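The following exercises are to be worked through with the sequence and the structure at hand. Each task is followed by a solution in steps.

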Amino acid sequence: MSQQDDAEREFDLKWADSAEHKEPSARARMLAARWKENPPEPQPFRAAPGPRTPRRSSWTSTAIVLGCVAAVILLLGYARFQAPH
């Protein structure tokens, strides 16, 4: 029985693949409808990237990291100083 089902399924797949007209996917239909009213602007193949945000300098990052480390050390020292012996 399963061999017959496989043969029927194979026939259905071949029949569907050989169809002259294939219906577009739902996404393709949605985009076609949207672009009919409001077509997209042409885009170059390799468009230039948008403006970049300026990066922080390395000394600024270093100062932030060292400040955080110093704050943690001071906080731990203060917590140990306040703890009852």
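**Exercise 1.** Identify the residues that make the nonpolar surface patch of about 270 Å².

Step 1. Val-65, Val-69 and Ile-73 make this patch. A patch is made of residues with over 30% relative accessible area and no salt bridge, nonpolar side chains (Val, Leu, Ile, Met, Phe, Trp, Tyr) being joined within 5 Å and like charges within 9 Å. Areas come from the Shrake-Rupley method with a 1.4 Å probe, and for residues only the protein chains shown count as cover.

Step 2. Val-65 is placed in helix H3 (residues 58-82). Helices are DSSP runs of H or I with at least four residues, strands are runs of E with at least two, and both are numbered from the N terminus.

Step 3. Val-65 has a relative accessible area of 49% and is therefore partly exposed, a class lying between buried (under 20%) and exposed (over 50%).

The model is predicted: local features need pLDDT of at least 70, side-chain atom pairs count only at pLDDT 80 or more, and totals for chains, interfaces and linings use all residues. Residues are numbered from 1 along each chain as its sequence is written, and side-chain values use heavy atoms, with hydrogens and water left out.

**Exercise 2.** Locate the salt bridge found in the whole structure and state the exposure of its partners.

Step 1. Arg-29 pairs with Glu-23, and their closest N and O atoms are 3.0 Å apart.

Step 2. Arg-29 is partly exposed at 41% relative accessible area, whereas Glu-23 counts as exposed at 63%.

**Exercise 3.** Describe the fold pattern and the confidence of the protein.

Step 1. The protein has three helices and zero strands, in the pattern α-α-α.

Step 2. The mean pLDDT (the predictor's confidence in each residue, from 0 to 100) is 81, and 84% of residues reach 70 or more.

Terms used:
Salt bridge = Lys/Arg side-chain N within 4 Å of Asp/Glu carboxyl O. Buried < 20%, exposed > 50% of the residue type's maximum accessible area, 1.4 Å probe, protein only.
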